[in-house]
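Student: I am new to this structure and would like a close look at a single part. Please take one chain and go through how it is divided, what it touches and what is inside it.

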Amino acid sequence: MFTYREKDNLIYKLHPLTMVTFIAVVFVLSLLLSNPVYLLGLLAAVGIVIAAADVLEKWKVYLKYSLFLIVLIMIINALVVQLGQTVLYKTAPLPLTGEITITLEALAFGAGMGIRLLIIISVFCLYTYAVHPDKVLKMFSKGGNKSVLVIILSTRLFPLLMKDYARITEVQRCRGVKLDTGGWWNRIRNYLPVISVLLLSSLERALKLAESMYARGYGSGNRSYYTRELWRPRDYIILAAIMICFIIAIISALKGWSDYSYYPRLSKVGSGAVVVTGIMTLNLAVPAILNWGWKKWPLLRSKI
Amino acid sequence: MAFIKVKDLSYYYPDTSKPALDKIDLEVPAGQFVLIVGASGSGKSSLVRAIAGVIPDFYGGVYGGNVYLNNQDIRNMSRRAVAKTAGLLFQDPESQLVMSNVEQEIVFGMENLGLPNSLMKRRLMEVTNALGLSDHLQSFIPELSGGQKQKVALASILAMQPEILLLDEPTSQLDPVAAEEILSIIKRLNEENGITVIMAEQRLERCFHLADRVLVMDEGQIVYDHHAPEAITYWALNNNCAFIPPLARLFAGVEYPEIPTTVKQGRRILKSFSSISESNLKSLPSAGKKLVEIKEDQDQPVLEVKNLWFTFANGQEALKNIDLRLRSGDFTVIMGANGAGKTTLIKHISGLLKPGRGTVKVLGRDTKKLSVEELAPRVGYLAQDPNDYLFLPTVREELAFTLQNLHLPDNGIIQEMLSRLKLDCYQNVNPRDLSTGERQRVALASILVTRPPILLLDEPTRGLDYQLKKELGDMLLELQAQGTTIVVITHDVEFAAEYASAILLMSQGSIIEYGSKYDMLSGSTFYSPQINKLFHNIVNGVVTLEQGKEALNRLLKLNETRAVSV
């Protein structure tokens with residue numbers, strides 16, 4: 001379904017490239033950095049921006065499902081990986097696997113991976129709800145990339161398809177097709193008419209759509225690219241902050257500050273790492289800070 | 001000098017042996033507004049597509065003859081040049097919009113032409129201002145109404161600045177208000193911007209007067225070509241063509257020398273009769289008597305709706321305190337604006353929705369206790385789009401499918417329905433290969449095989465030409481005579497006036513008024529047929545064409561006697 005809804009806050013009034021840069025940088029850093037403190041900092045930054053974009057409600061749904069996934073990752077990791085010295089639990093010798101130990105380090109490693117996953121899911125959530133899909137796609141389609149058009153078309157057709165599906169279901173039920181009684185096999189079989197109609201009608205529509213595109217000269221030569229996105233000071237400020245954060249992260253990675261070893265024992269977290277993380281998070285939270293100022297001071301609105 | 005020139009054009013769609021276009025010769029000077037009329041399948045759409053170059057480039061098939069735009073053979077023009085010269089707007093707005101955002105959709109055509117960004121911005125601004133779309137630039141297309149979608153599609157074509165605007169039944173899927181808006185935009189483009197317009201259309205009562213010239217097509221040929229409405233109307237009457245608007249049909253029926261194309265012209269003619277004085281303009285004696293009596297009787301109602309309230313999950317109150325009793329053989333038309341609750345009410349009768357408060361009883365049984373499938377043999381429901389029904393390889397199987405679902409025997413009913421709906425010859429044809437009108441008949445037949453005592457139809461006249469509408473109306477009257485209770489939702493006032501017995505007006509979830517069509521459809525500014533508007537305050541209570549003829553004859557006679565006595 002088309003999930004993007006424009007809301008009245010600064011996050012929606014940025015150049016799409018600014019948002020895409022933010023999302024890309026957070027995504028890359030979440031893979032580059034392994035220190036859980038750094039990862040927590042990234043997560044916090046994304047969370048703050050999501051809150052600023054006013055999509056917390058949607059994020060909560062994502063969080064609910066990913067927490068379940070994280071617990072799963074932790075359990076599996078603890079059961080499979082037998083490294084680590086702080087043994088929390090030891091099973092009796094089992095026939096196939098032998099003795100299984102559950103260590104604090106393995107659990108912590110699972111949790112670290114979980115945070116990484118959470119960051120990735122969160123930026124995905126931000127992308128889904130706060131970035132206009134067509135605008136981003138079009139940015140990458142200068143010169144008329146066909147696969148981009150296919151994606152745009154499917155975002156257009158999906159809601160249509162859902163509507164068709166609901167309507168056809170009703171029509172066929174009125175013809176006596178039983179869709180909610182009988183065993184599962186019967187139900188699947190009874191859905192056949194609905195699916196067949198949906199397929200046939202979609203094919204007919206696709207042909208008409210293609211004709212309309214053809215009549216409007218699609219594929220008649222090089223396409224041009226329409227844009228009216230404007231760059232504003234807010235975009236430069238945010239991009240600069242993101243760049244600073246990115247450079248700090250690269251330096252940390254090269255210097256080894258952001259390394260972290262879970263095995264054989266959890267290594268210590270130095271106060272340096274916390275300070276660096278703090279600076280990075282603050283930089284990444286600039287969109288949210290600007291949004292706060294944008295809402296509070298009308299004068300700032302006109303300046304940025 | 002002809003701007004569009006079609007010479008000896010013939011065309012066969014792939015794998016067909018009957019020509020869709022048969023030796024067409026046509027010249028259209030720049031700036032003309034040409035209306036193409038004709039029954040479904042007469043070749044109107046094909047001709048429009050051939051001028052746009054979509055035939056044969058997109059469709060393939062066998063093609064002979066030439067089409068010249070601006071003295072250039074279309075076959076020698078680049079596709080981009082053709083797209084710049086001729087823009088083509090299709091019937092269904094849903095299946096011609098590509099983007100999900102209005103702004104992106106409007107620039108789509110211009111991007112295809114490779115126009116520079118600055119020019120696109122300017123044309124976008126111009127076209128959205130002209131069509132009143134400026135406030136919708138960032139709207140999400142699936143959330144727009146049908147009329148707005150069609151306007152967006154038109155804007156996307158106009159932004160390419162074509163010299164010729166080709167339209168293939170652009171209003172057939174729209175409600176009357178939206179249709180009127182699209183037509184007036186097209187008229188304005190023709191008059192103020194000099195764009196050449198070629199439009200295939202079925203709703204002639206709305207566009208007969210707009211055109212400079214009317215082409216009549218039949219079997220792939222142009223059989224008549226004239227600019228005067230009188231000549232076309234008489235020609236059509238003599239050749240038994242059904243496409244004449246009711247007003248013209250009325251005046252032609254009494255062989256009046258002048259044929260009006262608008263209500264205004266018609267009233268001017270009537271007012272010119274010297275006899276029209278206060279004394280004899282009251283009403284037609286027969287009109288009052290034809291009233292359908294909605295009286296309380298002992299009969300068990302077929303459908304009984306009591307204090308029905310319904311609220312959707314999102315909090316929208318769709319039905320408010322609906323009371324309705326329908327008896328066997330009632331033919332009721334439900335009218336009202338979009339979102340008035342018409343479809344929601346119908347869905348309660350078919351059991352697709354269950355009452356929030358109140359009761360709906362079908363043949364004495366509460367729908368709350370019955371599933372949709374249990375109600376199916378009692379309540380037939382024909383949805384707007386017949387395609388939603390059709391998926392089996394043959395027409396016959398499509399009919400048998402319903403019986404089989406409901407475990408009903410085929411005691412000759414399939415054959416009976418096939419012959420009654422004139423589908424005999426198509427029984428082994430794939431329903432998807434049939435025309436719109438035929439598809440609708442198949443869908444209707446697939447419902448009627450259960451012999452439902454109640455028949456519900458949602459916008460059944462959408463996209464039908466006059467002939468098909470008449471066939472549908474006659475069929476419904478036949479069913480009504482056999483005792484079927486018929487409920488039709490439609491925006492089509494002319495159809496309601498000719499065939500319904502009672503009209504139910506709904507607004508914002510409530511029934512505003514319910515009564516005989518003779519009361520409901522007369523004397524209203526918008527919910528009246530053309531015939532009624534014509535006789536308004538001259539002869540009251542005239543609703544159907546038959547009454548109109550009677551009234552007009554009486555007026556003419558009175559006029560003659562007056563003239564003689566003076």
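Tutor: The C-alpha centres of domain 1 of chain B and domain 2 of chain B lie 33 Å apart in this predicted model. Domain 1 covers 2-227 and domain 2 covers 303-530, with bounds from an automatic or database domain assignment. The contact between them takes 10 residues from domain 1 of chain B and 12 from domain 2 of chain B; two residues are in contact if their C-beta atoms, placed from the backbone, lie within 7 Å. By class, the side of domain 1 that touches domain 2 has two nonpolar, six polar and two charged residues. Ala, Val, Leu, Ile, Met, Phe, Trp, Tyr, Cys and Pro count as nonpolar, Asp, Glu, Lys and Arg as charged, and the others, Gly among them, as polar.

A word on conventions. Residues are numbered from 1 along each chain as its sequence is written, while chains are lettered from A and ligands numbered from 1 in the order in which they are written. As this is a predicted model, local features need pLDDT of at least 70 and side-chain atom pairs count only at pLDDT 80 or more, whereas totals for chains, interfaces and linings use all residues.

Taken whole, chain B has 22 helices and 20 strands; these are DSSP runs, numbered from the N terminus, with helices being H or I of at least four residues and strands E of at least two. The radius of gyration of chain B is 25 Å, close to the 24 Å that the globule rule gives for 566 residues, so chain B is as compact as a globular protein of that length. That radius is taken over C-alpha atoms, and the rule is 2.2 Å times the number of residues to the power 0.38. Along its principal axes, the C-alpha trace of chain B spans about 75 × 70 × 50 Å.

Now the interior. Of the 566 residues of chain B, 50% count as buried: 20 or more other C-beta atoms lie within 10 Å of the residue's own, against 12 or fewer for exposed and values in between for partly exposed. The largest nonpolar core has 184 residues, and B:Leu166 is one of those with the most contacts inside it. A core is a set of buried Ala, Val, Leu, Ile, Met, Phe, Trp, Tyr and Cys residues joined through C-beta atoms within 7 Å. Leaving aside neighbours within four places in sequence, B:Leu166 is in contact with residues including B:Val48, B:Ile51 and B:Ile198. By contrast, B:Ala481, found in helix H18 (residues 466-481), counts as exposed because it has 10 C-beta neighbours inside 10 Å.

Chain B also meets chain A: 54 residues of chain B are in contact with 44 residues of chain A. The largest share of the chain B side, six residues, comes from H4(B). That side divides into 29 nonpolar, 16 polar and nine charged residues.

Last, confidence. Chain B averages a pLDDT of 89, and 95% of the residues score at least 70; pLDDT is the predictor's confidence in each residue, from 0 to 100. Over residues 286-294 of chain B the pLDDT is below 50. Where pLDDT is low, the predicted coordinates should not be read in detail. For the complex, the predictor gives an ipTM of 0.86 and a pTM of 0.83.
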